[in-house]
Structures are given as structure tokens and as C-alpha cells.
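Dear colleague,

Please find below the structure that I am handing over to you. My findings follow directly after it.

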Amino acid sequence: MASFSTDVIRRLPVSVFGVCLGTIGQVPMWSHLANSPAMARFNIPDAIADTFWIVAVLLFAFLFFLTTFRLIRYHRSVRTEFHCHYQSNFFLVPDVWSEPIAAHRQPCLSTQCRG
């Protein structure tokens, strides 16, 4: 009998990358709120957008690792999912996700650009 962790990895849907898309979608919203003159009285820091950006990158890396492990370990289930009419549409989601992450600014993590 398979353990719970291997069963979860085997059944991990490709559509879970939608979580990354939702997280990276928060970056422009919080960045706009932090830099908007109308919202200046709320003192919204840029660190919120930077935090969402970092969380999205880490989440993507973790899910990409799990998906790669699943492809190596459970090749048959990935092949079955790829040939399904509905689930095969999600195999390009990691490529689509990389576009907004490249379009949004990378947070400044060094002391040189904090001025």
C-alpha cells in the first residue's frame, strides 16, 4: 500500500501552478497601491509587493521540483494526464507564469539599491 506522501505526489495536478499565478497577480496590485498618490495616507510599504514576489518565486520553485520529481518517478501518470483533453491544457502554465514574474520588478535585496 502506498503511503500518503507518495500518493499526493502521484496525484499532484498540473493546475496547482494556478496558485503561483494568483500569487504573482498580487504583486502589481500592491505595488500600485504603495506608489499611488491617492493611497499615500495609508502608508502601504513596497515590502508587501516584494514579499509576494519572493513567495511566488519560492512557491514556483517548490512546485516545479515536485512536478519534475513526479515526471521522473511516475512517468505513466504524467503521460496519462498529458493525453487527457482537459488536463493537457495546463502543461503550459509554468511558461505562462514566467512572463508576469519577468515583467514585474525584482525586489532589491541588497543594500546598494536601497539608497
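Phe-64 has a relative accessibility of 45% and therefore counts as partly exposed in this predicted model. Phe-60, by contrast, is buried, because its relative accessibility of 17% falls under the 20% cut-off. These two residues form an aromatic pair of the stacked kind, with 5.9 Å from centre to centre and 25° between the planes. A search of the whole structure finds one aromatic pair. Phe-60 and Phe-64 lie four residues apart in helix α3, so about one helical turn separates them.

Phe-60 also belongs to the contact that α3 makes with α2. The two helices span residues 18–35 (α2) and residues 47–73 (α3); their axes come within 8 Å and cross at roughly 165°. Because angles over 145 degrees count as roughly antiparallel, α2 is roughly antiparallel to α3. The crossing of α2 past α3 is left-handed.

On the α2 side, the contact is made by Val-19, Cys-20, Thr-23, Ile-24, Gln-26, Val-27, Trp-30 and Ser-31. Helix α3 contributes Ile-48, Ala-49, Phe-52, Trp-53, Val-55, Ala-56, Leu-59, Phe-60 and Leu-63. By residue class, the contact of α2 with α3 comprises 14 nonpolar residues, three polar ones and no charged ones.

With kind regards

Notes: Residues numbered from 1 in each chain as written. Predicted model: local features only at pLDDT ≥ 70, side-chain atom pairs only at ≥ 80, totals over all residues. Heavy atoms only, no water. Axes fitted to C-alpha atoms, helices over the stretch in contact; angles between N-to-C directions. Parallel < 35°, antiparallel > 145°, perpendicular 65-115°, else oblique. Left-handed = near helix turned anticlockwise from the far one by under 90°. Contact = heavy atoms within 4.5 Å. Nonpolar A, V, L, I, M, F, W, Y, C, P; charged D, E, K, R; others polar. Phe/Tyr/Trp six-rings, centres within 6.5 Å; stacked < 30°, edge-to-face > 60°. Buried < 20%, exposed > 50% of the residue type's maximum accessible area, 1.4 Å probe, protein only.
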